[in-house]
Amino acid sequence: AEIDAKLLLADRAADITLDSTFERTFLRMSGKLSGIAPDMLASSSDDTLFVSQVSLGNPSLRKFAAQFGLPLTPSPRADAAGVSLAGVLVRTPQEISLNVLSGDIGGVPVQGRGVLHLEGGKPILTADLAAGEMIAGDYFSSPTEETPPARARGSLPWSGVPLESHDLQTIDADISLQAARFVTGGYDLSNPAMNLSIRDGILKIDGFTGGLFGGTFRAAAKLNAGAPVPEFSAEWKIQGGRMEAASAALSGAPILTGKFDFSGEVKGAGVSSFAIVSSLEGSAQLTAADGLIRGLDLPEFSKKLQEIKRAGDFPDLAAPFLSRGDTPYRKMEIPLVIAQGVAQPQNPVLDIAAVNSRLALSVDLPRYWLDSEVGLSLLEHEDAPPIIFSYTGPLDQPLFSSRYDQLENHFTQPLLSQSLERIINSRTPPLDTPAGASAEGGLGKQQKN
């Protein structure tokens, strides 16, 4: 550590210059301290006790985060960008403020101001902070990878550790946050903004807005950690979103197109995050219209099934239509009921061209598990079994599968039976044909078995 300080006393004030470095983190201050006199407590005509230019930084974001106990594991690019912040620190009897804050954290520009109000029995923090484009993977990655490592399959993001409410009881706050962009996983929020407040142990997020999936996003949440059993509630709405962007984020591929709305509300209570999630009750609604299911051409597939002449034709006939092309849908309406943290559909409507459809779905938040199955029955072949598509597994890593073996058997078994019958008939003489006679009558060459 290196510290270089200078203190000049004059006219009941002190000019202070401080230049310090600790493990490559530097702190520089240059300002004035008022209220100083030979008795060290003389009053000042200026209400300002201290004002100083302050700068803080480190060429390594990783080392900076480690020094201050921040849970960041930056990518090499963000680490190399380091930290560089500057502002004006002011202290009065009523408050401590950091004004004209600006700088860069891991390559992301930041600016804002904050004030800690000291009047009254409990301190109150007010702040306005803004940032540029933030990519979560730049701040939470493995030491040698540009992208964050996948969460262990089967592990839960919820904790059974009791919630701590003490920190929320010791301070009140009003904080405004905004950014040009925020990306985490497949979720890309444009111009996100929110207001965060703390009052008497109650944490609220109001006015959480932004652009998501090409539409608008709005949400609010409340956590009363000071209640005998902590209480949680949330509501959200996505309007005018693009199914192409949403399906790519959820499944890894843009398998749907069209516009959609998604809204809902939940509430619950519990002593831990896992207990709260396990208690959630509420409802949600997904509606989509006038889009396509990509990689699946069911109308043409249904027509081509009538052209099957041999059992072996099915695989070659099915392959182009069950892996390429598009199937239009007119609307999808999926009301969801949420009970004990599990969301399930209630009378869903899937209006898809050329098929009748059924949906079985379970979104189990406590287990962080998805079970979904869609059955598509061809309208032109009412007695045929459905084609089955399913997603099963952890919510962020489900596995996709498709099955149409029963449909294949439905069309190929009769053809196989007919072929077998023709073979048998061609090799078996009629019952009224004398031994050694030909099927055409009379004696002829003996048929070979």
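**View 1. The buried side of helix α4 in a predicted model.** Helix α4 spans residues 243-251, and its buried residues are M243, A246 and S247; buried means under 20% relative accessible area, exposed over 50% and partly exposed in between, with a 1.4 Å probe and protein chains only. Seen down the axis of α4, these residues fall within an arc of 95°, so they line one face of the helix. The arc is taken over the directions from the helix axis to the C-beta atoms. Helices (H or I, at least four residues) and strands (E, at least two) are DSSP runs, numbered from the N terminus. The buried residues of α4 pack against β13 (231-242), β14, β15 and β16. After α4 comes G252, with a positive phi near 90°.

**View 2. Strand β15 and its two antiparallel pairings.** Strand β14 (residues 259-269) is joined to β15 (residues 281-294) by 9 bridges, and here F262 stands opposite L286. Another 12 bridges link β15 to β16 (residues 326-339), where G282 faces I338. Two strands pair if DSSP finds at least two bridges between them.

**View 3. S55 in strand β4.** Look for S55 within residues 50-58, the span of β4. S55 has 19% relative accessibility, so S55 counts as buried. Beyond its neighbours within four places in sequence, S55 is in contact (heavy atoms within 4.5 Å) with F26, L27, R28, L85 and A86.

**Notes for all views.** Residues are numbered from 1 along each chain as its sequence is written, and side-chain values use heavy atoms, leaving out hydrogens and water. In this predicted model, local features need pLDDT of at least 70 and side-chain atom pairs count only at pLDDT 80 or more, while totals for chains, interfaces and linings use all residues.
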